[in-house]
Amino acid sequence: TEFGLFTSFDDGESWRPLQRNLPRSPVTDLAVQERWGDLVVATQGRSFWVLDDLSMLRGLTATTTSAPVHLYDPRPAYRSTWQAGDGHYARDHVYGAMIARDMKARNAPEGAVLDYHLGADAADVSVEIWEDADVGSGVGQRVATFDGLSGEAGSHRFVWNLRYPGPARARAVPGTYRVLVTADGVTDEATLEVLKDRRLVDISVADLQAQWDFLTEAGVSMDRLTTAFARADSTRRTVSSVVDTLGTAHADAEWLPGARARADSVVAGLDRVAGALVQTEGGGWDREAKLRRQLSFILNESQTQRGEYTDARPTDQWVERLGDVALELEEWIVELERVISGELARLNEYLRENGVGVRIIAD
C-alpha cells in the first residue's frame with residue numbers, strides 16, 4: 001500500500017488501519033518471524049518497522065472480546081540479564097558493551113508480557129502468578145498477586161518482571177508457570193513458559209534453582225531479622241512509656257524506684273539486641289556492619305556484578321557466609337526471647353506483687 005499498514009478481521013470484506021507509531025509511508029513487503037510471531041514491515045523511506053508479538057491479534061475474536069475477561073496465551077519469557085534501571089550508562093544486552101543511555105534504543109519490556117481483554121468495566125481486577133509443581137518449592141505455590149489493576153473495558157497489558165516478592169527479589173527459575181486474571185470474580189488462565197537466557201551456555205537450570213534457593217533462604221533470614229527488630233523496638237518503647245506513665249501517676253510510691261530499675265534492665269537488654277541487628281548509632285562505613293547490613297550485602301552482591309543482575313550458582317563462600325550470619329541472627333533472637341521471658345516477666349511480677357494493675361505485653 002501507499003499509505004501504511006492495514007488489517008482485516010473478516011477475510012478482506014473490510015479493512016482498518018494498523019499504524020500504531022508507524023509513519024504514513026509506502027509498505028513494500030511483510031514478513032512474519034515464525035519463532036516469536038513478530039510482524040516485520042518493510043517501508044519505502046522509513047526503514048523496517050516491527051510489530052512485536054502477533055498473539056493478541058491472532059486471538060482476537062468476537063468471543064474473546066465479549067467475555068468478561070480473556071487472557072491471551074503469552075509467548076515465552078526469557079529470564080535475561082540486561083540492565084534496565086536508571087543511570088547514565090546501560091549495558092547492551094547483546095554485545096555486553098557499556099554505552100551512554102541516550103544512545104541505547106528502548107527494548108521490549110523485560111519479563112513476561114501478559115495481554116488480557118475485559119468485555120466490560122470491572123471494579124476489581126487482579127493478576128496472579130502460580131508455580132507449577134516442578135518449579136521452586138515443588139508444591140505449586142502462589143508466586144505473587146497484583147491487585148488494583150485497571151478495570152476499564154478493552155485490552156490491557158501487564159508485565160511481570162519475573163521476580164518473587166520479598167527482600168530477596170529472587171527471579172523466577174526457568175520452567176512452567178500459571179497466570180490467572182480475575183475480573184469481578186470471573187477468572188481466565190493461561191500457561192507461561194519462562195526460559196533460560198540462551199547465551200548462558202555454562203549455566204544450567206539447576207544452577208539457577210540453587211541461586212533461587214540461596215536468595216530465598218537469605219530473604220527468610222532478613223524477614224526474621226526485621227520481625228525481631230520490630231518486636232525489640234516496639235517492646236522497648238512500650239516499657240518506657242508505661243513506666244513513665246506510672247511515674248507520673250504514682251510519683252511517691254515506694255515501689256516506683258524498683259520498677260524503674262527493672263524497666264531500665266529490660267530496656268538495656270532490648271537495646272543490646274536491636275543494636276546488634278540494625279545500625280542504630282550512625283551508619284558510616286568505618287563502623288562495624290550489623291546483621292541487617294550484612295544480610296543486605298549478601299542479598300545484593302551475591303546476585304549482581306558491577307550493578308547488574310547475574311545468573312549463577314552461589315559460590316561456596318557465599319553459602320558459608322550466609323550460614324554464619326544466620327547462626328548469629330538465631331543467637332540474638334534467642335537473646336531477645338530471654339529478655340522478654342526473663343527480665344520483662346520479672347518486671348511484670350514486681351508490678352503485680354505491689355498491686356499495680358498493669359501488665360506489659362511484648363508486641
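Where does helix α6 bend, and by about how many degrees? The bend is at Ala 345 and amounts to about 30 degrees, taken as the angle between axes fitted to the seven residues ending there and the seven starting there. The model is a predicted one, in which local features need pLDDT of at least 70, side-chain atom pairs count only at pLDDT 80 or more, and totals for chains, interfaces and linings use all residues. Residues are numbered from 1 along each chain as its sequence is written, and side-chain values use heavy atoms, with hydrogens and water left out.

Helix α6 covers residues 316–353, 38 residues in all; helices (H or I, at least four residues) and strands (E, at least two) are DSSP runs, numbered from the N terminus. From first C-alpha to last, α6 reaches 55 Å, close to the 56 Å expected at 1.5 Å a residue, where the expected span is 1.5 Å times one less than the number of residues. At Tyr 350, the charged end of Arg 262 sits over the ring, 4.0 Å from its centre. The criterion for such a contact is that NZ of Lys or CZ of Arg is within 6 Å of the ring centre and within 35 degrees of the ring normal.

An open sheet of five strands runs in the order β7-β15-β14-β11-β12, with mixed pairing; two strands pair if DSSP finds at least two bridges between them. Its edge strands, each pairing on one side only, are β7 (77–79) and β12. From one strand to the next the twist averages 25 degrees, with axes fitted as lines to C-alpha atoms (for helices over the stretch in contact) and angles running from 0 to 180 degrees between N-to-C directions.

Within this sheet, β11 (residues 125–131) pairs with β14 in the antiparallel sense over seven bridges, and Ser 126 has Thr 182 of β14 as its bridge partner. With β12 (residues 142–146), β11 forms four bridges, again antiparallel; here Ile 129 is partnered by Ala 144.

Glu 131 stands opposite Tyr 177 in β14. Tyr 177 is also part of an aromatic pair, with Trp 160: the arrangement is edge-to-face, at 5.9 Å centre to centre and 65 degrees between the planes. Trp 160 belongs to β13 (residues 154–160) and Tyr 177 to β14 (residues 175–183), so the contact ties together parts 17 residues apart in sequence. Trp 160 is buried at 0% relative accessibility, and Tyr 177 is buried with a relative accessible area of 0%. The whole structure holds five aromatic pairs, counted where rings of Phe, Tyr and Trp (its six-membered ring) have centres within 6.5 Å; planes under 30 degrees apart are stacked, over 60 edge-to-face and the rest tilted.

Another open sheet has three strands in the order β3-β4-β5, with antiparallel pairing. Its edges are β3 (27–33) and β5 (48–51), and neighbouring strands are turned by 20 degrees against each other on average, direction ignored. Six bridges join β3 to β4 (residues 38–43), and Asp 29 stands opposite Ala 42 in β4.

Helix α3 (residues 205–249) contains Asp 244, which is partly exposed at 46% relative accessible area. Asp 244 and Arg 260 are 16 residues apart in sequence, with their C-alpha atoms 8.7 Å apart in space.

Key. Buried < 20%, exposed > 50% of the residue type's maximum accessible area, 1.4 Å probe, protein only.
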